[in-house]
Structure formats: C-alpha cells, structure tokens
Amino acid sequence: MSAGTRERGMNRVVVVGAGQMGSGIAQVCAAAELEVVMVDVGEELLARGLAAIERSQARLAEKGGVSAEDVLGQITTSQAVPDGAADCGIEAVTEDEAAKRAVLAELDDRLPSGAIIATNTSSIPITRLSQATRRPELFIGMHFMNPVPMLPLVEVIRGLRTSDATVEATIKLAKRLGKTPVEANDFPGFIGNRILMPMINEAVFALMEGVGTAAAIDEVMKLGMRHPLGPLSLADLIGLDTCLSVMEVMHEGLGDPKYRPCPLLRQYVEAGWLGRKTGRGFYEYAE
Ligand code: NAD
C-alpha cells in the first residue's frame with residue numbers, strides 16, 4: 001500500500017458482489033464511515049443488496065448502532081468496478097474460481113497501484129488467486145463470517161507473496177470495522193471451513209443415509225453440543241452452492257477422500273435448492 005494511504009488510513013473501498021456477504025461487508029464498511037462503492041452485475045441484485053443492508057442496519061440502529069440512513073448515505077452502487085481512487089477492493093462474488101479471477105483482474109486494472117485487493121473466498125487458495133493480479137504483495141484473504149454485521153471474526157489469510165505491510169493494513173481495517181482478526185495460513189478452507197464444512201457434509205450424509213430427519217440432526221447438534229444452529233440450518237444460511245464449492249476445493253486441494261462432497265448436497269445444488277437465498281434448501285423458507 002502507498003505511504004500516503006498508510007498515514008491517512010482507508011477512506012474508500014470497492015466491494016464487488018452484493019449478495020449476502022458483499023452487502024454485509026459494504027454495510028460494516030459504511031458503518032465505519034468508509035465511502036463504499038458496491039458492485040454487482042444487475043440493478044435488481046444491487047437493489048436487493050441495498051434492501052438487505054437497510055433491514056439489517058435498522059435493527060442494529062434500534063440497539064444504538066448507526067442509522068440505516070447514514071449507512072446507506074455512504075454507499076453508491078455500480079454495475080462495473082469504477083476507475084479511480086480507492087484504498088482497497090474487497091471481492092465477494094460467487095465461490096467460483098473463474099468468476100473470482102475475472103473480478104480480481106478487473107480490480108487490478110481499475111484500482112490505484114497502491115490499493116490492497118482482498119478476497120472473501122471461503123476456500124480457494126489466496127496464493128493462487130493472487131496470480132489474477134499484478135500485485136500479489138498487496139493481495140490478501142479477508143474472510144468475513146455470515147451474517148457479517150453480527151459475527152466478530154475475520155480470518156486474515158496471507159498468500160505466499162503477501163507483504164507484511166498488507167497484513168498489517170488488513171488487520172487494522174478489520175479492527176476499524178469492529179471485527180476481531182485472526183490470522184490463518186493459506187491451505188484450502190483455511191481454519192474455519194476446514195473444520196466446519198466436513199461437519200456440515202457429514203450431516204448431509206446422515207440425512208441421505210436416513211440416520212435421522214433434518215430436524216432430528218439439527219436438534220441433536222443444538223441440544224447436545226450447544227451449537228446455536230444445527231448443521232443443516234447453517235448450511236441453508238451459508239448457501240448450499242457455497243458449501244459444495246468449499247468441499248470441492250478442499251477435496252481437490254488436500255487430496256483426501258474424507259473431503260468428498262455428499263452426493264445429496266450436489267443433488268440439492270443441481271435442483272437449485274440453495275438454501276435461504278432461494279427459499280428452499282434442507283428446509284423451506286417463506287419469502
Ligand atoms: P451470494 O450468492 O449471496 O452472492 C454472490 C454475488 O456475487 C451475487 O449477487 C452475484 O450476482 C455476484 N456476482 C457474481 N459474479 C459477479 C461479477 N462478475 N461481478 C460482480 N458481481 C458478481 O454469495 P455469498 O454467500 O455472498 O458468497 C460470496 C463469497 O463469500 C463467496 O466467495 C463465498 O464463499 C464467501 N463466503 C460466504 C459465506 C456464507 O456464509 N455465505 C461466508 C464467508 C464467505
């Protein structure tokens with residue numbers, strides 16, 4: 001990052017992707033008084049992202065947080081990465097390597113040469129994604145949790161070529177957003193998903209094999225293990241497409257058959273039952 005940016009701190013951030021994660025990231029950046037440009041591929045997707053931010057921030061404002069109006073006042077939207085000044089770009093598009101590489105190359109072309117580019121990937125190696133840019137030393141993983149405004153963790157993942165200054169600036173940004181950064185090394189799934197996703201995948205195997213109903217599987221983990229959400233409800237919240245992609249990346253990257261995605265998970269994704277975001281996953285959701 002440039003010396004100027006380091007002295008001033010960050011002012012302007014471009015967030016690409018206005019889905020559940022991108023909108024949440026835009027929201028916490030705006031609440032921390034950063035100017036935000038939120039980018040997605042269609043007006044309707046951007047409008048949906050803004051509506052989600054408004055609903056979520058209105059609830060937080062009731063508990064003493066910044067008003068939804070103030071947060072929305074910090075956010076502009078665009079259907080392409082804008083040219084020009086931004087201190088950081090955060091990529092939060094679909095968990096698909098080709099899609100991410102295209103967006104990262106676009107950020108690299110359009111952002112100033114000293115700007116940090118962060119990816120919110122759940123599992124794709126940071127070192128590999130850094131090669132979609134010409135600035136691997138300024139490239140880093142910034143893995144927020146869902147729902148972004150509620151959960152304090154950000155995993156900060158350094159690629160092999162990430163500079164110390166980039167790590168420091170990213171940790172500082174995460175703290176400014178009110179988050180607690182935890183450093184992880186660059187292995188598929190990092191820390192969180194390496195541990196969480198095999199559990200979710202195993203819950204889907206248990207469902208497929210008829211060990212229990214979805215409700216029974218979730219109840220056992222909630223009541224018996226004190227998990228706030230059962231694994232199948234959590235999978236519906238995360239998005240079954242994201243869960244499947246993460247398992248595929250870990251299966252390929254770690255080469256161990258224990259990471260093979262459950263066929264039932266694949267079938268649900270093929271059916272378009274992606275969880276809450278499509279109204280149906282392991283459970284059905286009213287609009
Ligand atoms: P989502 O499906 O809700 O949103 C993805 C958004 O990206 C969509 O709005 C889509 O239109 C947009 N998009 C796709 N290609 C684009 C492009 N070329 N340019 C601009 N926008 C584009 O998915 P999500 O749950 O928000 O996940 C986004 C990322 O965050 C993924 O990498 C995922 O692995 C990661 N992540 C997800 C969770 C979770 O719990 N869902 C948690 C941590 C990290």
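How far is an oxygen atom of the ligand from an N or O atom in the side chain of glutamate 95? The distance is 2.5 Å.

## Basis of the model

This is a predicted model, in which local features need pLDDT of at least 70 and side-chain atom pairs count only at pLDDT 80 or more, while totals for chains, interfaces and linings use all residues. Residues are numbered from 1 along each chain as its sequence is written, and side-chain values use heavy atoms, with hydrogens and water left out.

## Ligand site

Polar contacts here are pairs of N or O atoms within 3.5 Å.

The ligand is surrounded by 23 residues, the closest being Asp40, Glu95, Lys100, Ser122 and Ile238; a residue counts if one of its heavy atoms lies within 4 Å. By class, the shell has nine nonpolar, ten polar and four charged residues. Ala, Val, Leu, Ile, Met, Phe, Trp, Tyr, Cys and Pro count as nonpolar, Asp, Glu, Lys and Arg as charged, and the others, Gly among them, as polar. Helix H2 (20–31), helix H5 (97–110) and strand S6 (139–144) each supply at least two shell residues. Helices (H or I, at least four residues) and strands (E, at least two) are DSSP runs, numbered from the N terminus.

## Helices H8 and H10

Residues 192–208 form H8 and residues 231–238 form H10; their axes come within 9 Å and cross at roughly 115 degrees. Axes are lines fitted to C-alpha atoms over the stretch in contact, with angles running from 0 to 180 degrees between N-to-C directions.

Contact means heavy atoms within 4.5 Å. Residues of H8 including Met199 and Ile200 meet residues of H10 including Leu234 and Ile238. This contact has twelve nonpolar, no polar and no charged residues.

## Backbone features

The peptide bond from asparagine 146 to proline 147 is cis, and proline 147 sits in the loop between S6 and strand S7 (153–158). Glutamate 33, in the loop between H2 and strand S2 (35–39), has a positive phi of about 65 degrees although it is not a glycine.

Definitions and conventions
Polar contact = N/O pair within 3.5 Å; in protein donor to acceptor, adjacent residues only side chain to side chain.
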